[in-house]
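Please keep the sequence and the model in view while reading.

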Amino acid sequence: MNQAPIIVIGAGIAGWTTVREFRKLDAHAPVVLVTADSGDFYAKPTLSNAYAQKRAPYQLVTTPAAKMAETLQVTLLPHARVESFDTAAHSIVVRQDDALQTLTYRQLVLATGAHPIRVPLLGNAADQVRSVNSLDDFAAFHAALGVDATIAASGASKTVLIMGAGLIGCEFANDLVQAGVRVHVADPAPRPLAALLPADAGEQLQTALSELGVQWHFGTSVTALDSSPSGGLLATLADGSTVVADLVLSAIGLRAYTALALSAGLACERGVVVNTHLQTSTPDVFALGDCAQYDSAGQRTLPYVMPVMTAARALAASLAGTPTEVVFPLMPVSIKTPALPLLVAAVHPATQGQWEPEGSEGAWRFMDLSSMQRGFVLAGKSTARRMEMTKLTHA
Ligand SMILES: Cc1cc2nc3c(=O)[nH]c(=O)nc-3n(C[C@H](O)[C@H](O)[C@H](O)COP(=O)(O)OP(=O)(O)OC[C@H]3O[C@@H](n4cnc5c(N)ncnc54)[C@H](O)[C@@H]3O)c2cc1C
């Protein structure tokens, strides 16, 4: 068994960063990386600000898969899907090119990410809702929108309806409207980023994006999507209004991908449950990234880049023989809305307290019931106060 490789499933930031950090500590142990996609390395956050920069999907690849594999001395199985694994036999079953093979592992790392949440819609075009959670998704979206969506066949700009005014919905809204696309956003909440921001910060973002031309539909949601008699798609909203759009993009959230882990008998809740050493409920199987639910984060998923990198460093050390706990520092997230740049240090949902304005304009802090600062939001020029506010915040 000790001759068996470490097997990593997934070639996102979690999978590749784990391998890269591991190789800094161990140059020789065999590593196999199995991934359903091409394995090309790209920074996923660029997907929501690439269109306005006129960056084609292939330009987002920072290192091709073969180069990654060669540099990190990894056996890469691209376009290969792990269908199941057996924790007693320490083996996985992989489907690649319609052939099945079984591989044994010394340790197994699940870095399988999350899947977009789908809401059932009525209508004859309900299956045409898109989402962007991978380079392949972005390539399909980019191809459907066209290189220059401001020059549609009719001579008018194209229209995109975004479902969801959360982080990803607002980033796409800003990017597309900046590129000259007509953008509608629908969300049941009363304002953008309602779950993350104090009300006045959300209103400032709403105003900034409205000034660029984003049209909001708050307090409602898309219920049906049909082919429009005039071409394109006709979306019907719960409030009875309609929007005609060329494309509909769903950005209503992601759910950790747990099906594979569940079928192998691993404990899963909001994600694959991992302890402070990133071990799942089964020995020798670890998980990190968007698929994981961390004990170290109060049983939360942390679907952002910085936690992925932090977890990957700790896991690499453990895999290399030094059991290491992951400790997440406060990791504020930049929201890529150039209309109003935002920096958010989110608060654990169970924390009781309230938002209040802090010092300069464009700064808010979340105070808990014992008057401790637990989170903050900085907007516009105030984002320069990142270090100072981070120091004042108790994660
Ligand atoms: C549009 C967008 C913008 C974002 N912007 C930001 C931002 O500004 N800042 C920030 O911090 N975070 C941002 N995020 C979140 C961040 O990008 C993610 O948290 C991070 O990329 C997740 O990486 P991952 O490796 O866990 O998952 P993924 O990138 O989803 O990788 C999962 C991998 O697993 C593979 N896989 C899954 N199942 C199988 C299987 N059965 N067999 C084989 N392979 C499998 C997939 O093919 C894929 O390679 C953004 C996310 C999106 C979608």
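How do the residues of the shell around the ligand divide into nonpolar, polar and charged? In this predicted model, the shell divides into 17 nonpolar, nine polar and six charged residues.

**The ligand and its surroundings**

The ligand is surrounded by 32 residues, and the closest of them are Asp37, Val82, Asp290, Val305 and Lys336. At least two residues of this shell come from each of α1 (13-25), β6 (80-86) and α4 (167-178). Because domain 1 (6-115 + 254-319) and domain 2 (118-250) both give residues to the shell, the ligand lies between them.

| Residue with the polar backbone atom | Distance to an oxygen atom of the ligand |
|---|---|
| Ile13 | 3.2 Å |
| Ala14 | 2.9 Å |
| Val305 | 2.8 Å |

On its own the ligand has 1,000 Å² of accessible area, and the protein covers 93% of it.

Among the buried residues of α1 are Ile13 and Ala14, together with Trp16, Glu21, Phe22 and Arg23.

Helix α7 (residues 305-319) can be examined in the same manner. Its 15 residues should span 21 Å at 1.5 Å a residue, and its end C-alpha atoms are 21 Å apart, which agrees. Of these 15 residues, 11 are buried, and therefore α7 is largely enclosed by the rest of the structure. The buried residues of α7 include Pro307, Val308, Thr310, Leu315, Ser318 and Leu319, as well as Ala311 and Ala312.

Although Gly12 and Thr35 are 23 residues apart in sequence, their C-alpha atoms are 8.8 Å apart in space.

Ser48 is placed in the loop between β3 (41-42) and β4 (61-63). Is Ser48 buried or exposed? Its relative accessibility is 5%, and since a residue under 20% counts as buried, Ser48 is counted as buried. A polar atom of the Ser48 side chain lies 3.3 Å from the backbone oxygen of Pro45.

Two further loop residues have a positive phi without being glycine. Gln73, in the loop between α2 (65-72) and β5 (75-77), has a phi of about 55°, and at 53% relative accessibility Gln73 counts as exposed. His79, in the loop between β5 and β6, has a phi near 50°.

Asp136 lies in helix α3 (residues 135-145) and is exposed, with a relative accessible area of 53%. Between the C-alpha atoms of Asp136 and Phe328 there is a separation of 30 Å, and along the chain the two residues are 192 residues apart.

Notes
Residues numbered from 1 in each chain as written. Predicted model: local features only at pLDDT ≥ 70, side-chain atom pairs only at ≥ 80, totals over all residues. Heavy atoms only, no water. Near = heavy atom within 4 Å. Polar contact = N/O pair within 3.5 Å; in protein donor to acceptor, adjacent residues only side chain to side chain. Areas by Shrake-Rupley, 256 points an atom, 1.4 Å probe, with all protein chains shown as cover. Helix = DSSP H or I, 4+ residues; strand = E, 2+ residues; numbered from the N terminus. Nonpolar A, V, L, I, M, F, W, Y, C, P; charged D, E, K, R; others polar. Domains from an automatic or database assignment. Buried < 20%, exposed > 50% of the residue type's maximum accessible area, 1.4 Å probe, protein only. Expected span 1.5 Å × (residues − 1).
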